[in-house]
Amino acid sequence: MQTLKIQCYLCRQRVIYMLFFVLLPTLAKAGTPLVDISIEQHLFIPSEITIPANTKVKLRIHNRDATPEEFESWELNREKVIMGNSTAIIFIGPLLPGAYPFFGEFNPKTAQGKVIVE
Amino acid sequence: MLLTSVIIVLREILEAALLISTLLAATRFICISHNWLRISISSGIAGALLLAWQLRWISNLYGGLGYEMSNALLQAFIYVVILVLIAMLIKVYLRTATRKKPLFFFMGLALSLSITREGSEILIYFSGFMHTKEALSSVMIGSIIGAGVGFSIGALFYFLLSAFDQSISLKIALALLVLVGAGMCSQATMLLIQADVLPSQRPLWNTSSWIPESSLPGQLLYALMGYEATPSPLQVGIYVASVLVSFVVIVVFHHLYSRSTNSNE
C-alpha cells in the first residue's frame, strides 16, 4: 500500500514536470503575434499582410483547396508543403522594414503574396 | 502549368542528379557494377512514395511542425552518410584491395535518401492533378522536359568531372561531397529556424542582387553547395562547422589509411 502511494506520488510529480515542460514553451510563445492566411482557389487570402519590424510572427496558413500547395519565399527563406484541406504553421521574422514576396510553388501564376514589414 | 512543372521537376531532379554524378565520378577508378545504382534508385522511389503518402500524418506531428522536423532529420542523416562515404572513398582509393560492398551500400543509401526527399515533393505536386485529365498531360510533358534537362546537366557534370585525371576528379568529388553535406546542414538549420526550434536572426549578408536564389546559377549553387542569398549567422556557423568536421574526417582517415598502407608494404 505504501509503495503504491509513493508510486502515485512519483507519477503525479512526473505529470507536473511534464506539464511544466510542455507549457513553458507555449507560454513563452504566447507573445508571438499570429497571422492567419487562407489558400482558396490557388489564391492567398489576404495576399498582403503587414507585420511589425523586428518581431517574430507566427503564420498560420489554412489550405482550403483539395490540392497540396508549397508555401515558398526566397526573401523570407521559407518553404513548406501544405497538404490539401490542412493547416500549417510557419514562423517568420524578426525582419527589417520592407516587402517580402511569397508564392505557392505549385500554382505560382495565381498564388502570390507579400509580407509588408513596417 | 507546363512551365511550372518544368521548374519544379528540374529543381528537385537537379540535386539528386548532381549527387549521382559526383558519386559516379568519385568511383571512376574502381571497376564497379552499377547494380547499386538500380537498387538505390528504386528504393529511393519507394521511399518517396511512402513519404508523399504519409506526409499529411507526418506534418501533424510535433504540433504541426512534423514537416520541418522530418526533413531536418533526413538532411542531418544524409550528412552523416556523406561523412561515412568520404572516409570510405579515401580508404578504397588508398587501398584498392579492400572490400567495396560497404562503399556501395553507403553510396546507395545517400542516393536513395536524396531521391526520397526530392521525389516526394514531385509526387505531392503530381497528386494535385490526379483528377484533372487535361492538366495532367501538360504537367507530365513539363515534368519530362524538366527531368530531361536535370539529368542532362547531371550527365554534363559527370563528363566534366571525368575529364580530369583520376586523382584530381576524386579530390573534386570529395570537395563537392563536403559542400553538399554542409548545404544539407544549413538547410536543416533553416527548417529548424522556420519551426522556431532554433532562434531566428537577421541575415548575415544579402547577395540576392548578385546571384538571386531563383535564377539558374542560384539553383545550381543551391544544389551543389546549399547556396542561400540571405543566410542567418546560425546557418553560416553550422555550415562552416560541418565543413570543418568533414575536413577533420578527410585528414584523419587519409592519415590512418596512408600509414597502414605504408606499413603493409
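Biologist: Which residue is the bridge partner of A:Glu69 in S6(A)?
Modeller: A:Ile82 is the bridge partner of A:Glu69 in S6(A). Strands (E, at least two residues) and helices (H or I, at least four) are DSSP runs numbered from the N terminus. This is a predicted model, in which local features need pLDDT of at least 70 and side-chain atom pairs count only at pLDDT 80 or more, while totals for chains, interfaces and linings use all residues. Residues are numbered from 1 along each chain as its sequence is written, chains are lettered from A and ligands numbered from 1 in the order in which they are written, and side-chain values use heavy atoms, with hydrogens and water left out.

Biologist: How many bridges join S5(A) to S6?
Modeller: There are 5 bridges between S5(A) and strand S6 (residues 78–82) of chain A, and the two run antiparallel. Two strands pair if DSSP finds at least two bridges between them. S5(A) and S6(A) form a hairpin with 4 residues between them, and A:Asn77 in the turn has a positive phi of about 60°.

Biologist: What does S5(A) pair with in the antiparallel sense over 2 bridges?
Modeller: That is strand S8 (residues 98–104) of chain A. There, A:Phe71 stands opposite A:Gly104.

Biologist: Why is S5 of chain A largely enclosed?
Modeller: Strand S5 (residues 69–73) of chain A has 5 of its 5 residues buried, so the rest of the structure largely encloses it. Buried means under 20% relative accessible area, exposed over 50%, and partly exposed in between (1.4 Å probe, protein chains only). A:Glu69, A:Phe71 and A:Ser73 point one way, A:Glu70 and A:Glu72 the other, and all are buried.

Biologist: Changing topic, in what order do the 4 strands of the open sheet in chain A stand?
Modeller: The order is S2-S1-S4-S7, with mixed pairing. S2 (43–45) and S7 of chain A are at the edges with a single partner strand each, so one side of each lacks a neighbour in the sheet.

Biologist: And how many bridges pair S4 with S7(A)?
Modeller: Strand S4 (residues 57–63) of chain A pairs with S7(A) over 7 bridges in the antiparallel sense. Across this pairing, A:His62 stands opposite A:Thr87, and A:Ile61 has A:Ala88 as its bridge partner.

Biologist: Is S7 of chain A largely enclosed or left open?
Modeller: It is largely enclosed by the rest of the structure, because 6 of the 7 residues of strand S7 (residues 86–92) of chain A are buried.
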